[in-house]
Each structure stands twice: as structure tokens, then as C-alpha cells.
Amino acid sequence: MVKPKTEEEIELLRENAILVSKTLAEVGKIVAPGVSTLELNRVAETFIRDNGAIPSFLGYDGFPAALCISVNDTVVHGFPSEYALKEGDIVSVDCGTFYKGYNGDSAYTFPVGEVSAETRKLLDVTKASLYRGIEAAVVGNRTGDIGYAVQSYAESFGFSVVRELEGHGLGAEMHEEPGIPNYGRRGKGTHLVDGMVICIEPMINAGGRNVYLANNGWEVKTSDHRNAAHYELTVVVRHGMAEQLSTFDFIEKDASIKF
């Protein structure tokens, strides 16, 4: 049985979730051709620390940066580098904070300049599949209902779901139970109870679902080297409708950010 969070804990998680959401928007403001992914990381780390928090990814199991920055065929866990973004790229930015003893975690995939019609569709479908998953994150359902909602939507457009990685519970630890797969069968998996805080994060490939681990031991890449998209939000399981803690509003209501 996964222990739900108290309302006091949920408020601390909400503070982190809002900070992560704002950090992603700060990064989004500078995503453009010619900008290095190291610069994205610098902007995020500065913003997090200026707001009294620490970047929880930095040093996590030895991870070397404040952000996971994954370009094109890198699904997740990419390292910031001197790589300069190019027109037509997509870049997944995954961000974590630690503040007042609790964690925040959210991700968004940004287009760099103009992207192809297929890539635009991949972004739109992946984000929509996340919201389908959130709709299933209600008391009385199970984790399999979330996975089924994500999988059935994404696959209906001809895309594929990464099986080796999943969402997770969130609290004082970055990764808590239960795991939240992006595929599954309705009525299977862990029961969802009121107050359970989870991160739902579809990782959807334009091509086949197979992935491999790069030589650095972190970056997960598509085996066919086609693009992958990744979006993540933190929600509280509630009766009738999940409660979102993180939000994409800071990105999508800012006219200076291309999304």
C-alpha cells in the first residue's frame, strides 16, 4: 500500500511544482537555434538557486547537471553540452528541485524554430497523451488505467511507447512508489488512492519503441534514431478529477516562448 501525502506535504510539493514550472518557462524563453544546451542548464540552475531551492538532479546518482536535456533521438537523461541547437531540432528539458524537504519534477519538449509536420504531430500527441493519463489518475482506478490511457492514445497515431522507463511517486524522495508505466491494461496495477502524488511522464517515439543506453550510462536513445518526445506533470490523485501541482501555463501563456 502506497502511503498518500498529507495536505501539508501536498502544499510543499505544490511550491516545488510551481518553481519547476517557472524554471521550464525561463529555459523556454531562450530555446533557439545557436543556443547551447549548457546555456539552458545555466539559466535553470541560476533561477532555481535564486529562488532558494537546489537543483535536485545535480549529483543524483552522479548525474552531472541541473537539467536532463535530451535532443531529437535522445529520449531522456541527456547531458547538457556545447551542442548548439539547430533549426528543426526538438529538445526535452526535464527539471527537478529540492525545497523545504520535498521535490519538484516536470518536463517539456520544445521545438527549435520551425519543425517538420511529423515532429509537430509527435509533440502534440505526446502532450495530449499526458493529459489522457491525468484524466485516469483518480481514486478507484489503478496505475494500469493511466498506462492504458497514454498508450492507446499515442499508438492510435502510429507512434510507440517506451517501455523501459516510467513515471513515479514523488515526495521527500525524487522517485517513490508507485511506478507509473505509460502502457498497460485497465484494472491492473497499484490502486490509486486520495492524496497519492505521482509524476506522469509519457515518453513517445516517432518510430519503433526500442531504445538503448548510451556509453555514458545515462542517455537513453531510440534504436532507430527517430525523434522522441517527453512531457511530465505532477498530480495528486483525487476523487473524480486529479489535481495538477505543476503546470505548463507559464510556458504556454508566454508569447515569447515557442511551443
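The following legends describe close-up views of a predicted model.

**View 1. The largest pocket and the residues around it.** The largest pocket of the model has a volume of about 330 Å³. Of the 18 residues that line this pocket, Tyr-60, His-77, Asp-94, His-175 and Trp-218 are the closest to its centre.

View 2. Most residues other than glycine have a negative phi. His-77 is not a glycine, yet its phi is positive, at about 65°. This residue lies in the loop between strand E3 (74-76) and strand E4 (90-99).

View 3. Lys-100 is found in the loop between E4 and strand E5 (102-111). Its phi is near 55°, a positive value in a residue other than glycine.

**View 4. Ala-107 within strand E5.** Ala-107 has its place in strand E5. With a relative accessibility of 0%, Ala-107 counts as buried. Which residues does Ala-107 contact, leaving aside its neighbours within four places in sequence? They are Leu-24, Val-93, Asp-94, His-230, Tyr-231, Glu-232 and Phe-248. Ala-107 and Val-76 are 31 residues apart in sequence, and their C-alpha atoms are 9.9 Å apart in space.

**View 5. Phe-110 and the nonpolar cores.** In soluble globular proteins, nonpolar side chains tend to be buried together. The largest nonpolar core of the model holds 55 residues, of which Val-31, Leu-40, Val-91, Phe-110, Ile-146, Ile-198 and Ile-200 touch the most other members. A second, separate core has 14 residues, including Cys-68, Tyr-102, Leu-170 and Cys-199. Not counting residues up to four places away in sequence, Phe-110 touches Leu-24, Gly-28, Val-31, Asp-89, Ile-90, Val-91, Val-93, Ile-251, Ile-257 and Lys-258.

**View 6. Helix H1 and its buried residues.** Helix H1 comprises the 22 residues 7-28. At 1.5 Å a residue H1 should span 32 Å, and its end C-alpha atoms are 31 Å apart, which agrees. Among the buried residues of H1 are Ile-10, Leu-13, Ala-17, Val-20, Leu-24 and Gly-28. An α-helix has 3.6 residues a turn, so residues three or four places apart point the same way.

**View 7. Helix H4 and its surroundings.** Helix H4 (residues 143-155) has 13 residues and reaches 18 Å from its first C-alpha to its last, close to the 18 Å expected at 1.5 Å a residue. Ten of these 13 residues are buried, so H4 is largely enclosed by the rest of the structure. The buried residues include Ile-146, Ala-149, Val-150 and Tyr-153. Which elements cover them? The cover includes helix H3 (117-135), strand E6 (160-161), strand E8 (176-180), strand E9 (197-200) and strand E10 (203-205).

**View 8. A cis peptide bond at Pro-178.** Most peptide bonds are trans. The bond from Glu-177 to Pro-178 is cis, with omega near 5°. Pro-178 has its place in strand E8.

View 9. Arg-209 lies in the loop between E10 and strand E11 (211-213). At 35% relative accessibility, Arg-209 counts as partly exposed. Leaving aside its neighbours within four places in sequence, Arg-209 is in contact with Ser-160, Val-161, Val-162, Arg-163 and Glu-164.

Conventions: Residues numbered from 1 in each chain as written. Predicted model: local features only at pLDDT ≥ 70, side-chain atom pairs only at ≥ 80, totals over all residues. Heavy atoms only, no water. 1 Å grid on protein atoms, 1.4 Å probe; cavity = no way out; pocket = protein on both sides within 12 Å on 5 of 7 lines; lining within 4 Å. Points joined across faces, edges and corners; volume = space filled by probe spheres on them. Core = buried A, V, L, I, M, F, W, Y, C linked by side-chain atoms within 4.5 Å. Buried < 20%, exposed > 50% of the residue type's maximum accessible area, 1.4 Å probe, protein only. Contact = heavy atoms within 4.5 Å. Helix = DSSP H or I, 4+ residues; strand = E, 2+ residues; numbered from the N terminus. Expected span 1.5 Å × (residues − 1).
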